[in-house]
Amino acid sequence: MEKLDSLQGSLDLLVLKILSRRPRLHGYAIMSAVGELSGDVLRAEEGSLYPALHRMEEAGVDSREVDHKRYWTARAYQ
Amino acid sequence: MSLWSRISNVFRADRLNHEIEEEFEAHIAEAIEQGRDPAEARRALGAAVRQRQQSHDVRVVGWLDSLRADVVFGWRQLKRKQVTSAAAILSLALAIGACIAAFRLIDALLLRPLPVQHPERLYVLSRQGMGFDNKPGEWDSWAYPDFQLMRAAAKGQAELIALSYADRSDVTYTDEEMEKANLQYVSGGMFSTFGIKPVLGRLFSENDDRKPGAAPFAVLSYDYWSRRFGRDPHVIGRTLHIGDGVYEIIGVSEKKFTGTERGTILDVFIPVMMHRSVSRPDSTPFRTLVVLNPEVAVGPFREKLAAVSHTFEVNRLSGETGLSQETLKNVLSNRFLMEPAPTGASAMQKEYSDALAALGGLVLMVLMIACANVANLMTAQAAARAREMALRVSIGAGRWRLVQMVLVESTLLAFLAAAGGALFAWWSAPFVVSMINPPDNPARLILPADWRVLGFGVGLILVVVLLFGLLPALRASSVKPVSVLKGGDDPHSRQRLMHGMIALQVAFCFLVLFVAGLFVATFQRLSNKPTGFSADRILLLDTTSRPAQSSLYWDQVAESLRAVPGVERVSQAAFPLLEGSNWNSSISINGGPPSVNLAYLLNVSPGWLETMKIPLIDGRDFRESDTYPDAAVINETFARIFLKDGHPVGRIFEKASDNGKRQPMRVIGVVRDAYYSSLHGPILPNAYVPFHEVGARGEMLPKSYGTFIVRTASSNPLALASTLRQQVSRARSGFHVSNVETQLEINQAQTIRERLLATLALFFGAVALLLAGVGLYGVLNYSVQQREREIGIRMALGAQIAHVVRQVTVGISFAVLTGMFAGLVCGLGLTRYIQSLLYEVKATDMVMLALPCSIILAVACIAAVPAILRAIQVDPSMMLRAD
């Protein structure tokens, strides 16, 4: 359980880090960036990115839907 | 994500899921664009359902979401069983509505504080003990001179307010027709002490309390100002005639203040100084309210006022020779009471508090019956859903989650019922008030629907949900999947709960029927009681003459009424019988001391006895030449009490006046007993005396009021009302009919409270019986349904039909009998609380107890028929083949 939490925590951090450098990314782009940065560690299930993104909507990430595609931005960099 | 959007997301679940779905699709599309294999991309995305659920969960408020799901699910459950749900909702709605209506009435009359400053510091003064009529009682009436002394003694500790009893009086505005208004004389300090402000002009002040007759002013209530004058600001300065007085309207009081008498809405306030008895120590027309200063202790303050008042009474009665020594001693030893009166003081509160409490009790019992019904319904449904529950538990539902699910369904039911109940209460509370309608003076009670009523309603829903929902919910949630799958380990435990509920229902049903029976019997005994006179076709014209005119002129008016077509007879009296008026006096026989018992007198014209059809049994009726105080016609009770030795006709008795003067009267006739002012008490010793009254020098005295008693030819005497009313005014100037009513209306007004109680109790009795019957039917039917297989097996093995029927009904019969016994014991214990509402009816009367028993047994038998038929129609071969 603890391992999973730390994994999740690092995913959140990673996503924030990626979004702080490059605002307005869609899900797949974030996923690709996560893959590049972490190797295969967090690649196990690509879909698990989305619950994480939705959870982070509460604390520092905004989303905007354009043309049936949702773009994500860290709040401080809007 | 903000809390608000998470709350709003709860109610847009479909769109939310759609959005998440779209995001996944975009992800896959992007992956394919990047040259990945579609199948591989989908695989890499992982379990979409789980992720969607996770995404969904973080974007909504969890508990609200599950609540929403439960509400939707509960609603579907209710809709699925429309008939049973509708029955449950209707019966609950009726019970909840009746409860809310009863609360509205009780709150409006007895609980809600007056809208004045510091209602919690308001007290009313009264005396308790033996009265001048030698009967025990409690009186809150005071003489103004006594009030003045007490007010002076209370200075610095409390403010005292004197108020006359609200009176429906004749008022006339310049050049307009005479009309009625609720009038009250109040001491000048009332408005400022209560913190009531004018909306127009000024209100009274202490300056209006200085000198009798010196403050000819009137203040209108907001309600009256709106109703009568359409809120015309020019009403200030208009004049108003009341009796012989002329008053100037100086102001309009605040909207919230409608007087201190609940049940009457005041129209016009007049300074107490304008009351004709304001200087008389021997007349007690005023209530006294006390507004106590915060730090003053009640006990010592009351003793101080009691001492002042006692001294006043001792002084006043020291020269009294018209009353017996025993009466004087009794009156002087009355207890002085000072009781909290945050809701004011009114006759309606006194008369209806017990009745409303009894109704409240009945209504609560009906609510219990309805709750027990719904609880049984829920239990039966839970049984049917045991497998569903077991499945939920097996896949990991927590116990509280299941309790919540069932409770939400119950709450939904209760809320739907409460909505219906609110409608019922909205209609029924004013309807009950409108049943309290003495002729010409119907009760008016403001029935606000505010946070108090709302709070009560919400509280009631919670209680109701707990009452009928919690037990079945706990039971349903405690399923053990294994035992359910095996077929249940104790199939009878559920039935025990249901039978308990049935016993409860029967007990309450018995109580409601028992109390209803007592009320109906009371009403019947009172209204079937022979009054001693005939009210048939009698029309009464309460008439005033301004200025007072000689009774010879009254005779002229009566003569002119006799000429009106359709009139059979016309007589006159000071006031009608049973209207509530009293004129009493001590009697002295052979120069002896004044009697302890009082005699009740009434001035009547010659022919009055015949008009009222009171039979003469000895002597003669009055002639035109008979005058008061020379002659009297007495009733049998008078003869029995005061003239027991010997033949009454020709004998002389003396009426003892307060000033020591004795007026001798010769008995010229004896008539049969008739009720005088009230049907509730015993027959009073009556002396009828002539309508013509002569003064000390033999001159005919003028009269300012009287009643023409008209026997009409047609069976509807009111048809002649307007003709006769006009004829009185036409016959002689100054005469005016202030009120027209039939004797029948007056007689019926004697039993208004009893009729109200009997009608409502009968209604609730029928509802209780219906609900209990439906409940019994439901449970019996359910238990047969549950045991069809067992019955089939028994019958296949050769069981007799009688045996099967006994098997099916024995448990429930036991429950019914237990409930009935419990109800009987409670009923006997409870009756002392409603004793004051009963008349000549004993709770221990066998009929009163046997009637509800037999009704319940009959209903139980009828309710059992369908279930028994179902049981004996069970086809063993079908049952054995089933499952």
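**Helix pair in chain B**

Helices (H or I, at least four residues) and strands (E, at least two) are DSSP runs, numbered from the N terminus.

The crossing of α5(B) past α14(B) is right-handed, a crossing being left-handed if the near helix is turned anticlockwise from the far one by less than a right angle, and right-handed if clockwise. On the α5(B) side I listed the contact residues as B:Ser66, B:Leu67, B:Asp70, B:Val71, B:Phe73, B:Gly74, B:Trp75, B:Gln77 and B:Leu78, and on the α14(B) side as B:Arg401, B:Gln404, B:Met405, B:Val408, B:Glu409, B:Leu412, B:Leu413 and B:Leu416, where contact means heavy atoms within 4.5 Å. I sorted the residues of this contact into 10 nonpolar, four polar and three charged, with Ala, Val, Leu, Ile, Met, Phe, Trp, Tyr, Cys and Pro counting as nonpolar, Asp, Glu, Lys and Arg as charged, and the others, Gly among them, as polar.

**Ground rules**

I note that this is a predicted model, in which local features need pLDDT of at least 70 and side-chain atom pairs count only at pLDDT 80 or more, while totals for chains, interfaces and linings use all residues. Residues are numbered from 1 along each chain as its sequence is written, chains are lettered from A and ligands numbered from 1 in the order in which they are written, and side-chain values use heavy atoms, with hydrogens and water left out.

**B:Ser657**

I found B:Ser657 in the loop between β19 (652-656) and β20 (662-671) of chain B. B:Ser657 counts as buried because its relative accessibility is 14%, buried meaning under 20% relative accessible area, exposed over 50%, and partly exposed in between (1.4 Å probe, protein chains only). Apart from neighbours within four places in sequence, B:Ser657 is in contact with B:Thr321, B:Gly322 and B:Gln663. I also noted that the C-alpha atoms of B:Ser657 and B:Ser585 are separated by 7.2 Å, although these residues are 72 residues apart along the chain.

**Backbone entries in chain B**

I recorded a cis peptide bond between B:Arg546 and B:Pro547, with omega about -10°, and B:Pro547 is found in strand β13 (residues 538-550). Another cis peptide bond joins B:Tyr628 and B:Pro629, with omega about 10°, and B:Pro629 has its place in the loop between β17 (616-619) and β18 (631-635).

B:Arg231, which is not a glycine, has a positive phi of about 55°; B:Arg231 lies in the loop between α9 (222-229) and β8 (239-242) and is partly exposed at 44% relative accessibility. For B:Lys613 I noted a positive phi near 55°, a place in the loop between α19 (608-611) and β17, and a relative accessible area of 45%, so B:Lys613 is partly exposed.

**Chain A**

I counted three helices and three strands in chain A, running α-β-α-α-β-β from the N terminus on. Of the 78 residues of chain A, 42% count as buried.
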